[in-house]
Amino acid sequence: MSILVNKDTKVIVQGFTGKEGTFHAEQCLAYGTKIVGGVTPNKGGETHLGKPVFNTVKDAVASTGATVSMVFVPPAFVADAVMEAADAGIELAVIITEGAPVKDMMYAKQYATKHSMKTIGPNCPGIITADECKIGIMPGMIFKKGNVGLISKSGTLTYEGANQVVKEGFGITTAVGIGGDPIIGLSYKQILPMFEADPETEAIVMIGEIGGDLEIQAAKLIKEQITKPVVAFIAGQTAPKGKRMGHAGAIISGSAGTAKEKMDALEAAGVKVVVSPAEIGKAIAEVLANR
Amino acid sequence: MNIHEYQAKQIFAQYGVPTPRGIIANTPDEAVRNAEKLGGDIWVVKAQIHAGGRGLGGGVKLAKSLDEVRELASEILGMTLITHQTGPEGKLVQKVYIEEGADIKDELYLSVVLDRAQEMPIIMASTEGGMDIETVAEKTPEKIIKVTIDPSIGFQGFHGRELVFGLGITDKKEQRKMIDFASKLYKVYMDKDAEMIEINPLVKTGAGDFIALDGKMGFDDSALGRHPELEDMRDISEEDPDEREASQYGLSYIALDGEIGCMVNGAGLAMGTMDTINYMGGTPANFLDVGGSANAETVAKGFEIILKNPNVKAIFVNIFGGIVRCDRIANGILEATKLVDVHVPVIVRLDGTNAPEAAEILKNANIANVIPATDLADGAAKAVAAAKGEL
């Protein structure tokens with residue numbers, strides 16, 4: 001078992017024939033992801049990476065039955081692509097592109113929600129179910145199959161966390177990189193209950209960072225609904241106030257969104273909070289031993 | 001990106017948001033000429049820097065004659081203004097805004113920002129204008145009114161009513177003026193892809209008009225591509241030159257006040273590296289994200305920028321190679337040490353794809369001050385020891 005995606009998930013790529021889209025679609029195919037085609041306007045009818053290209057998402061869905069889209073279009077076209085996917089009945093759009101304007105995402109996410117389409121990202125590494133399906137840009141070989149679910153705002157911390165979990169002798173069910181923009185799709189609040197319901201997931205790693213209050217919302221939810229052990233790390237304990245730390249959303253505004261308030265809230269919810277990402281693996285080993 | 005008060009007011013004026021009349025000046029002579037053009041017998045001379053707290057720092061002064069305008073403009077232009085937001089080094093004032101005096105009856109606060117939890121803009125307003133809004137929020141949260149605007153319906157009448165009744169405005173004419181003000185400001189926010197607009201204070205004049213006495217605007221950097229008119233308002237003297245240089249090479253750099261330079265791929269891991277150094281008893285000298293494709297050129301640039309900081313006693317390169325293979329990065333690092341004179345110990349941790357090959361490359365290169373580390377904890381510990389001269 002896993003969450004959101006598995007070996008049978010049919011995926012299309014929006015921005016299929018572009019440089020990034022091509023490179024990463026190829027990597028996903030090599031991993032075993034069922035990419036059934038892609039969309040590039042005016043290239044409909046062509047074949048790319050051995051898969052059919054369509055002019056519109058509607059065409060792609062009609063002829064392939066795809067339910068998930070991996071979005072690689074340039075930043076200015078992300079909202080359009082996401083709304084097109086929602087309109088065409090896609091169930092989940094995984095948005096890899098970095099630098100989409102916040103206002104665009106505000107509209108796109110509202111529209112997606114109205115059409116019951118889930119989104120992940122933007123500006124994220126994507127989602128991977130170990131040994132089954134990789135939709136994104138993460139190095140697949142790190143994610144050995146196992147019993148730990150992982151959610152992270154940061155790409156490289158996703159790899160760091162997964163790598164440590166694997167080095168401790170465990171593995172990953174599904175890892176989701178949710179991105180660090182001010183407006184993102186699925187977040188801890190939606191994904192934690194999925195891991196709770198997944199029989200294969202026995203523990204959860206949650207990696208957050210400064211800015212916004214998604215981790216605080218997560219803490220509330222964990223307290224009320226999550227019985228599986230959760231290990232958390234919040235990046236940016238040493239980040240200065242008012243400075244944007246790489247991710248558009250990673251900024252302490254005034255006194256809100258600090259690492260400390262998030263760590264305190266998570267700790268109060270019974271989460272094992274580590275102060276350095278170097279401790280994630282050990283902490284998982286510990287909570288799994290104490291089950 | 002942020003802009004100056006006078007630029008924000010230019011934008012307000014284009015949208016019909018009332019502001020006092022004013023003209024920007026670069027010299028005392030120009031300041032006097034502008035005051036003459038504006039007419040009247042009272043003017044405000046305002047230092048134009050991005051940081052807040054200008055008034056308290058002595059950067060905003062009232063002039064009651066043209067001579068006084070000249071005197072104050074001479075004083076403020078070229079001064080290093082220190083406010084709670086500039087840091088102790090202050091900010092050089094290069095422009096002053098000469099504005100007509102206003103007849104202030106009440107001072108209010110109004111801002112439009114993104115509410116990240118609701119994923120919609122909110123208008124925040126308060127009767128406590130002229131004060132630090134964080135302080136108001138903390139001490140008297142009931143004095144802050146928040147009105148969420150769903151962008152799919154835009155600013156409606158009920159939003160306006162919530163706002164004016166919340167602010168205790170009872171005069172119907174004043175209510176109309178305030179609602180008009182707020183709806184126009186919301187339009188500015190949406191049209192310009194603003195990240196925040198803050199007017200503090202927004203004043204009510206003796207005649208019952210509402211005007212923006214101050215104006216602060218910040219924009220979504222990701223949207224600047226579709227606003228060339230805003231890009232023209234960029235004042236590079238307001239940006240940290242090192243941060244700016246780094247960004248031109250696709251690096252994201254922020255200087256801190258510690259001793260260990262950090263070069264990391266990915267913003268989250270970069271913060272996590274700083275946190276780990278701190279946890280192990282060291283102090284990070286910077287945040288530096290070299291991005292997804294660390295190569296010899298970007299790594300060399302990273303070294304160069306880090307080493308501009310004289311406090312740096314050691315550098316920790318922490319790269320988790322994913323799609324980019326570690327052996328390539330290792331070669332890039334070796335290449336970079338030839339391009340830049342790296343005179344402090346460099347601790348290198350390369351993990352992920354082809355990490356063993358990378359370790360071999362670094363070992364064989366046998367460069368005295370390049371010290372390999374096995375993982376994040378090991379690297380951070382070595383960096384802390386190296387900075388203390390204990391390695």
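Guide: Helix α13 of chain B runs over residues 376-387, and its 12 residues reach 16 Å from the first C-alpha to the last. That is close to the 16 Å expected at 1.5 Å a residue, the expected span being 1.5 Å times one less than the number of residues. Helices here are DSSP runs of H or I of at least four residues, strands are runs of E of at least two, and both are numbered from the N terminus. The model is predicted: local features need pLDDT of at least 70, side-chain atom pairs count only at pLDDT 80 or more, and totals for chains, interfaces and linings use all residues. Residues are numbered from 1 along each chain as its sequence is written, with chains lettered from A and ligands numbered from 1 in the order in which they are written.

α13(B) is mostly covered, with 10 of its 12 residues buried (20 or more other C-beta atoms within 10 Å of the residue's own, C-beta atoms being placed from the backbone). Among them are B:Leu376, B:Lys382 and B:Val384. The cover includes β15, α9, β17, β18 and β19 of chain B, together with α5 of chain A. Just after the helix, B:Gly389 takes a positive phi of about 75 degrees.

Between the chains, 43 residues of chain B are in contact with 50 residues of chain A (C-beta atoms within 7 Å). On the side of chain B that touches chain A, α13 is one of the elements that each supply at least two residues, while α9(B) gives the most, with 11 residues.

Key. Two residues are in contact if their C-beta atoms, placed from the backbone, lie within 7 Å.
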